Amino acid sequence: PRPGLGERLGLEVRMVPSEATAARCGALATPGARGDAAVLDLGGGTVDVITGQGEVVAAGGGDLLTVVVAALLGASRSAAEWAKRGPCGRLEAPQLLLTEDGGRVFLDTAAGPDLVGTLVAPGPAGLLPFDRAHAPAEWRALRLRAKALVLGQNVARALRTSGARPAQTVLVGGPAGDDEALAALTAVLPATTAVGRGDVAGLGHRYAVAYGLCLHARQA
């Protein structure tokens, strides 16, 4: 208990050792997660590797990936936020989309003629144009490489620092929902490591820290 803050708030105040500790507690509530599992908490600003023996908090994460994508494309960060997420296509005609694997998709609703020739990704209000310089397959290769460097190699360095060789790893945090990021992380983990997304309180891979804090409070 911390009486100073508690007295000011009129509430009982307790502290956990760190945010990463709370994330691990929340992540291990995932059904099937083992007590000796490592937790990878992928945030906007950091990548955290947490085991029962300690934690490594490395700078970089989803926000750094956004900055890298914006630099690669010469696009705004808001456009890069959507372009980084997954497969895109190039509008060959107002209703014809060329996909990254060379396929062609006919759209139910025609796009504006000014978008023809641009790479587009699903955005908050429909198709979002973000680039004219790359072919769809070329951008896919660049995007996957960026995720491998920003997320995969960052996690690899954190694991080397921690000395951990976990038999099981649970991924939580916003970027954990990205299938391409999951593949980049799986590639740098030992082949014998089982990797899976967390299911925190039955709500998915997010909110591990918040749920971990609730569990700590209940156990106190």
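A: In this predicted model, the buried residues of helix H7 are Ala-208, Gly-212 and Leu-215. Viewed down the axis of H7, these buried residues fall within an arc of 60 degrees, so they line one face of the helix. What do they pack against? The buried residues of H7 pack against helix H2, residues 19-27, and strand S9, residues 168-172. If you turn to the face of H7 that points away from this buried side, you will find the exposed residues Ala-217 and Arg-218.

As for its dimensions, H7 runs over residues 208-219, which makes 12 residues. From its first C-alpha to its last the helix reaches 16 Å, close to the 16 Å expected at 1.5 Å a residue.

H7 also has a part in a pocket. The second largest pocket has a volume of about 160 Å³. Of the 15 residues lining this pocket, Asp-41, Leu-42, Gly-173, Gly-174 and Val-209 are the closest to its centre. H7 gives the most to this lining, with 3 residues, while strand S1 (38-42) and strand S2 (46-51) each supply at least two. Sorted by class, the lining of the second largest pocket holds 6 nonpolar, 5 polar and 4 charged residues.

About 320 Å³ of space lies in the largest pocket, and 18 residues line it. Nearest its centre are Glu-81, Lys-84, Arg-85, Gly-174 and Pro-175. Here helix H3 (62-73) and helix H5 (136-162) each supply at least two lining residues, and H3 provides the largest share, 3 residues. The lining of the largest pocket divides into 5 nonpolar, 6 polar and 7 charged residues.

Finally, a step back to the whole chain. There are 7 helices and 10 strands in the chain, and its C-alpha trace spans about 65 × 45 × 30 Å along its principal axes. Of the 220 residues in the chain, 43% are buried. Among contacts between residues at least 6 apart in sequence, 57% join residues at least 24 apart.

So, back to your helix: Ala-208, Gly-212 and Leu-215 are the buried residues of H7, Ala-217 and Arg-218 are exposed on the face turned away from them, and H7 gives 3 residues to the lining of the second largest pocket.

Definitions and conventions: Residues are numbered from 1 along each chain as its sequence is written. This is a predicted model: local features need pLDDT of at least 70, side-chain atom pairs count only at pLDDT 80 or more; totals for chains, interfaces and linings use all residues. Side-chain values use heavy atoms; hydrogens and water are left out. Helices (H or I, at least four residues) and strands (E, at least two) are DSSP runs, numbered from the N terminus. The expected span of a helix is 1.5 Å times one less than its number of residues. Buried means under 20% relative accessible area, exposed over 50%, partly exposed in between (1.4 Å probe, protein chains only). The arc is that of the directions from the helix axis to the C-beta atoms. Contact means heavy atoms within 4.5 Å. On a 1 Å grid over the protein atoms alone, a cavity is a set of points where a 1.4 Å probe fits but cannot get out, and a pocket is an open set with protein on both sides within 12 Å along at least five of seven lines; lining residues have an atom within 4 Å of a point. Grid points are joined across faces, edges and corners, and a volume is the space filled by probe spheres set on the points. Ala, Val, Leu, Ile, Met, Phe, Trp, Tyr, Cys and Pro count as nonpolar, Asp, Glu, Lys and Arg as charged, and the others, Gly among them, as polar.
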